[in-house]
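User: I am new to this structure and would like a close look at a single part, the contact between its two chains. Please take me through it carefully.

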Amino acid sequence: MDFDFTDDQESLRDAVRRWVDKGFSFERRHALAKAGGATRAVYTELGELGLTGLAIPEAHGGMGFGAVEAMVVSEELGRGLVNAPYAHGALVTPTLLSAAPAAVQAAWLPKIADASALVVLAHQERQARYRLNHVSARATAAGGGWTVSGAKSVVPAGDEADAFIVPARAAGAVDDDAGIGLFLVEKAGAQVRGYPTQDGARAAEVSFDKAAATLITENGHAVLEHAVDAGIAAQCAEAVGIMDKLVAVTVDYMNTRKQFGVTLATFQALRHRIADVKMQLELARSMSYFASLKMGEAAPQRRRAISQARVQLGNSMRFVGQQCIQLHGGIGVTDEYIASHYFKRLTMLEMGFGDTLHHLGEVSRRLQDTAGVFA
Amino acid sequence: MDLNFTAEELAFRRDIHDWVAANLPQDISHKVHNALRLSRDDLQRWAKILGKQGWLGWGWPKQFGGPGWNAVQKHLFEEECALAGAPRVIPFGPVMVAPVIMAFGNAEQHKRFLPGIASGEVWWSQGYSEPGSGSDLASLKCKAERRGDKYIVNGQKTWTTLGQYGEWIFCLVRTSNEGKPQTGISFLLIDMKSPGVSVRPIVLLDGEPEVNEVWFDNVEVPAENLIGEENKGWTYAKHLLAHERTNIADVNRAKRELERLKRIAKAEGIYDDMRFRDQIALLEVDIVALEMMVLRVLSAEKSGKAALDVAGLLKIRGSEIQQRYSELMMLAGGPYSVPFVHEAMEAGWQGDHVGAAHNAPLAGTFFNMRKTTIYGGSNEVQRNIVAQTVLGA
């Protein structure tokens, strides 16, 4: 049992932090958001740092790192409030492609590693809520290949992506785990309607009408769960980075802002609030570690741990985000000040890959007689 | 980063597990697993079994006869004891006064007091709080006046847990009114059989006399019972608090009680009610998160790389969780938590239970647990401490 980072992991953290300090100021983020949230250029810069190849095997031009390194990078991108589809493009997609035939991996992974291609998961459907087995998009085998038809919602960076990974049903009823295939569809085969998101990026409604598709796997459900879990673990870490920075910003404000002739930090009501915020932050950090360290376990243990972590993170994100805005007072609800942007990102993160109630339901469903970190 | 214990740590855990399984009397673990009343004899029997093995002072260094375990080993020992249904060791001797005697007492005092603590022979009590000094402990008034080779002690202590069984009591006493309140306090060991000491139990809201008032009326205490220097007692008491680390969170007991909650919810037919089930799930997440935080502290202590100052957070969260599981158990009992049948909390009681035997202690345990956010520095005092760390002032 050891929660220290290795020297290599600390160097990785420093490299991301140096890039954020030099190349990703709040002014830049703010301008990107104001301009509609297109962030492909930012993603390309992350590629130049090698970060988009983090989880890709070295044989395909990546670094072949694991969940802890993904956590380190995600925390730092959170701290810098970097709006680029990193978890989706660089962590979720490579996990999905790990189930693809060798030729498909060889064709796409090197391009993903150097960020010349952005490929994102397009899985959400109307009425599916957060259920991964709710797939009504259809896949049809035709002439030695496949076509995909259906509509997917709120696809991250959907109108900036070069290709999509699309869960589509080759067999079975709409809520069956079995019969879900994963397909890669290039943007030429998709109708894409993009829009800005609340947290300064872009997403899109994406639909397919007999689009030519490359098969990744016909048994896609388990790998889809695995990839989504990788995304959740990364977003947990991103949230910890965001909260770390937001709490630091709030503490600075409490120590400088004066009312009634004294700093805000003088008032016990506010001191107790920041103590409660610190509690939620440390619980969140603990469970972010837990999520990443459980990524290597067998699916039942991994899924349960990820949902447990996600419940804690959801509760922490909501409390820390809302209370740090409250502790700021009026300046906290302005667009010009950074705190509101951290808060908006934290709020939107809750709705990626399942909200807190969804995951609480998962924890409930998976209760065992014994519990704990090692259960 | 690695979540798992090392092979040596797991082997250590197995050894502890086997030893506890072989040595913990079943009548005692039965009471603990069912929240039945523990007698002085139960508590002392287990203490002496540990003492004989040299583990009652499980946190002690080797030079004082302890096992010299590191932070992880101590945690694993506590976990194995808790999960097996061992009673909590009454901490006043081995956990609270012994480290102060070791750090600030003289060789004579080491020889005189530590063996009786290590063996479990001598029952120690704590004399800190007073009627006028709760959270503001430094305002304490219980007075010790030096006369020749004796102190004459006059005053009152209160909330003395299980003081009715106490043979010795370690007290913070006022030896000076000069300067700040903190600088006039001394750390004194008092034989409770001394003339002038009287103890009166206080019945708490669960009907149990768990704490006491202790009066000192011209009690003569030999000056050699003073620990360290006169007027330095506050520093020694703070040293004690600083060494009270992860076990304050009591996460191991919480894991055991969560298992009991699930058993009770199943027996009461409410485990499959999703509204109730979600509350258990939420508690389970809280407990896993607390355990992770404890493990982070242990890892930091083991590696010495990055100190983790979260003792206040562990106390707040641990106590909230204790209150929550006891509350959910009471709610799981539903109407059968209402009857107050005092005798039904004795093991082997032959009377007619209202509902099932497991219902009898549920409300009482809930009521008893209200103390956890009040004692050991109330959770509001803990928030003051956390805020000071976070805000830097």
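Analyst: The contact takes 40 residues from chain B and 35 residues from chain A, two residues being in contact if their C-beta atoms, placed from the backbone, lie within 7 Å. This is a predicted model, in which local features need pLDDT of at least 70 and side-chain atom pairs count only at pLDDT 80 or more, while totals for chains, interfaces and linings use all residues. Residues are numbered from 1 along each chain as its sequence is written, and chains are lettered from A and ligands numbered from 1 in the order in which they are written.

On the side of chain B that touches chain A, two or more residues each come from α8 (251-267), α9 (274-303), α10 (311-333) and α12 (379-391) of chain B, where helices are DSSP runs of H or I with at least four residues, numbered from the N terminus. The largest share of that side, 18 residues, belongs to α9(B). By type, the side of chain B that touches chain A holds 24 nonpolar, four polar and 12 charged residues; Ala, Val, Leu, Ile, Met, Phe, Trp, Tyr, Cys and Pro count as nonpolar, Asp, Glu, Lys and Arg as charged, and the others, Gly among them, as polar.

Across the contact, α8 of chain A (residues 268-293) packs against α10(B) at an angle of about 90 degrees, with the axes 11 Å apart; axes are lines fitted to C-alpha atoms, for helices over the stretch in contact, and angles run from 0 to 180 degrees between N-to-C directions. The helices α8(A) and α10(B) are therefore roughly perpendicular to each other, a term for angles of 65 to 115 degrees. Their contact is made by A:K278, A:M279 and A:E282 of α8(A) together with B:L313, B:I316 and B:R317 of α10(B), and these residues divide into three nonpolar, no polar and three charged.

Conventions. Angles under 35 degrees count as roughly parallel, over 145 as roughly antiparallel, 65 to 115 as roughly perpendicular and the rest as oblique.
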